[in-house]
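Biologist: I am new to this structure and would like to go through it with you. Please put it on the screen, and I shall ask as we go.

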Amino acid sequence: MAATDVTPLSAASAPDVQATFCSTLVDQWLRLGVRHAVVAPGSRSTPMALALTERDDIAVHVVHDERVAAFTALGLAVTEPGGPRAAPALLLCTSGTAAANFLPAIAEAGLSEIPMIVLTADRPEELRGVGAPQTIDQIELYGSHVRWFHDPGVPDAAGAGEWRTLAATAFSRSGRGPVHVNLPFREPLVGAPLALPASIDAGGPDEEDGRVDRDASLLDRVDAGTWKSAVSTAERGLILVGGMHGIDLADVSELEAATGWPVVADPQSGRRRHTGVASIDALLRVDGASEEFLPDVIVRIGRPSASKLLAQWTARPEPLLIQVGGPGRIDPSGSVAATSSMRELIDAAAGRLVSGEWRSALEAAGRRADAVIEAELAKQEALTEPSTARTLVDHLPIGAQLTVSSSMPVRDVEWFGGRTGFVHANRGANGIDGVVSTALGRALARPVGSPPSFVLIGDLAFVHDSNALVALNRRGVDLRIVVIDNDGGGIFSFLPQSTLLAHERFEELFGTPLGTDVLALAAGHGIDTSTAGTVAELTAQIVRPGPWVCRVPSDRERNVEVHDAIHEAVRRAFRDAGR
């Protein structure tokens, strides 16, 4: 630590006070477990940037684009389901619109309960609202998207006794999402840190943030006795495990054993490898299947999946829907009958008789749908969007990470990816922005020499986040990016707009062809590039060390036909079997 000057703080110059203030915050955050900072460079943030780079016990990642920086900080704190909660990354920028560019990632972090400590430098009070350059109103800039906001004012020696408490409070409040500390600094901005105030004892992250109604039972539509009775007696039950659930996976297994009910797990759940039904979306498209397999009770853990069909089936009035976990309140269809903890559910199921007939029937149907999908994908000599997802999932190196875009890639992995390991997608706000940046953050969070990190993304989202490629070759990460290039927004081809609008108007507003050479874009950043048109070519590419970008060409209209053909093959297989 560089602070060795013994000059009393009360006698120090203003720049030295600012430097000591910043060094104190950084020291306290490091004592609490922070290990990464992302800095979007600028002038007004100089005191904090210098305090960060003075330390050799924190990794400082300089990222030129503020939106990329924010999603990188988000990715640094993403953890796998059932794993320990990550410490927040520090996210720093200068004053003005730089801070506004943090908002998309902050919104995602807030909705996904991902910890983050956002530090925005600002002009001092006397330079606000008077036309000073690079100045906007940064007070409560992020509104309800952050768990806590504080502006301590320009650092003053008289307040030194509160500096560590400020850092500890910000860390504590970040346990369930981002917090925002606005830091006004006066020029001169370069000072020398003096002796730091004495350290303090501080606890870990506060699991309660004061903004979300944690007593969700107040919203229940049935009393506890009703749903507990259903859990203890119902034969036809289903356990849905979604993403970002915050639930111990061992408890999911215990509930599964106690009830005897089948599990349908989202790729983002961390439970997909052990699920009984991996192709529920395809199965529900089979004639009569949605009625035949309609359960009496559904336990949904965490978020709903990306499948609209599954969401509609879950929202039907017949099943009793019990919600467990968040993030926040999960009831987009207004159909949740009750909320519960895992322990309450396990206790309610204790001692029940488990026949297994219902589970066996559903899982057998699921295996048949899986087999048909696998056979249909195997017939495709040229890569399609579904077979790209399946090939990537099937050939991931052991321990590799996979981050997917929130549009079609996450659906293709869910529908056709089989029994995947944990897959991350930014499904809090479901935006297409920041996908590569999030994957970059996840890769930077791993020790040097770790297995590679992969991205599956469409060309629109890739171009949208292409600034994440800046200086990628210098970051020391093995990031391998597969871009499905259908020249526009492929997911819109599956929506009613594609048939209700004239082709020209649809292309103008929704198809939105880019005309961008994604490989030339990557090559402009000095990144290796390739194209894969077959499964064999993609399989060979997957094992090559990164960073690289691999383009898989696709056609949006043809992609709709491919999806329809796979679903029809599943339906036909069940019809031919006499269903």
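Biologist: Is Asp122 buried or exposed?

Modeller: Asp122 is buried, as its relative accessible area is 1%. Buried stands for under 20% relative accessible area, exposed for over 50%, and partly exposed for what lies in between, with a 1.4 Å probe and protein chains only. Please note that this is a predicted model, in which local features need pLDDT of at least 70 and side-chain atom pairs count only at pLDDT 80 or more, while totals for chains, interfaces and linings use all residues. Residues are numbered from 1 along each chain as its sequence is written, and side-chain values use heavy atoms, with hydrogens and water left out.

Biologist: With which residue does Asp122 form a salt bridge?

Modeller: The partner of Asp122 is Arg128, with the closest N and O atoms 3.2 Å apart. A salt bridge here is a side-chain nitrogen of Lys or Arg within 4 Å of a carboxyl oxygen of Asp or Glu. Side chains of opposite charge can pair when their charged atoms come close.

Biologist: And which side chain meets that of Asp151?

Modeller: Arg128 again: its side chain and that of Asp151 form a salt bridge at 3.1 Å, N to O. This pair links distant parts of the chain, 23 residues apart, with Asp151 in the loop between strand S5 (149-150) and helix H6 (163-173) and Arg128 in the loop between strand S4 (116-122) and S5. Helices (H or I, at least four residues) and strands (E, at least two) are DSSP runs, numbered from the N terminus. Asp151 is partly exposed, at 21% relative accessible area.

Biologist: How many salt bridges does the structure hold?

Modeller: There are 31 salt bridges. One of them joins the side chains of Arg575 and Asp287, at 3.9 Å from N to O. Arg575 belongs to helix H22 (residues 556-576) and Asp287 to the loop between helix H9 (280-284) and helix H10 (289-292), so this pair ties together parts 288 residues apart in sequence. Arg575 is partly exposed, with 36% relative accessibility. There is also a network of salt bridges that links Asp27, Arg31, Arg55, Asp57 and Arg164.

Biologist: New topic. How do the axes of H1 and H6 cross?

Modeller: The axes of helix H1 (residues 14-32) and H6 come within 9 Å and cross at roughly 45°. Axes are lines fitted to C-alpha atoms, for helices over the stretch in contact, and angles run from 0 to 180 degrees between N-to-C directions. H1 and H6 are therefore oblique to each other; angles under 35 degrees count as roughly parallel, over 145 as roughly antiparallel, 65 to 115 as roughly perpendicular, and the rest as oblique.

Biologist: Which residues make the contact?

Modeller: On H1 they include Val17, Phe21, Asp27 and Arg31, and on H6 they include Trp163, Arg164 and Phe171. The contact residues divide into 11 nonpolar, 3 polar and 3 charged. Contact means heavy atoms within 4.5 Å. Ala, Val, Leu, Ile, Met, Phe, Trp, Tyr, Cys and Pro count as nonpolar, Asp, Glu, Lys and Arg as charged, and the others, Gly among them, as polar.

Biologist: How many residues of H15 are buried?

Modeller: In helix H15 (residues 408-416), 9 of the 9 residues are buried, so the helix is largely enclosed by the rest of the structure.

Biologist: What covers the buried residues of H15?

Modeller: The cover includes H9, helix H13 (357-379), helix H14 (385-394), strand S12 (401-404), strand S13 (453-458) and H22. Just after H15, Gly418 has a positive phi of about 70°.

Biologist: Where does Phe454 lie, then?

Modeller: Phe454 is in strand S13 and counts as buried, at 0% relative accessibility. Leaving out residues up to four places away in sequence, Phe454 touches residues including Leu392, Ala400, Arg480 and Trp548. The C-alpha atoms of Phe454 and Ala400 are 7.2 Å apart, although the two residues are 54 apart in sequence.

Biologist: Last one: what kind of peptide bond joins Glu187 and Pro188?

Modeller: That bond is cis, with omega of about 0°, and Pro188 sits in the loop between strand S6 (178-184) and helix H7 (224-233). Gly326 and Pro327 are also joined by a cis peptide bond, with omega of about 10°.
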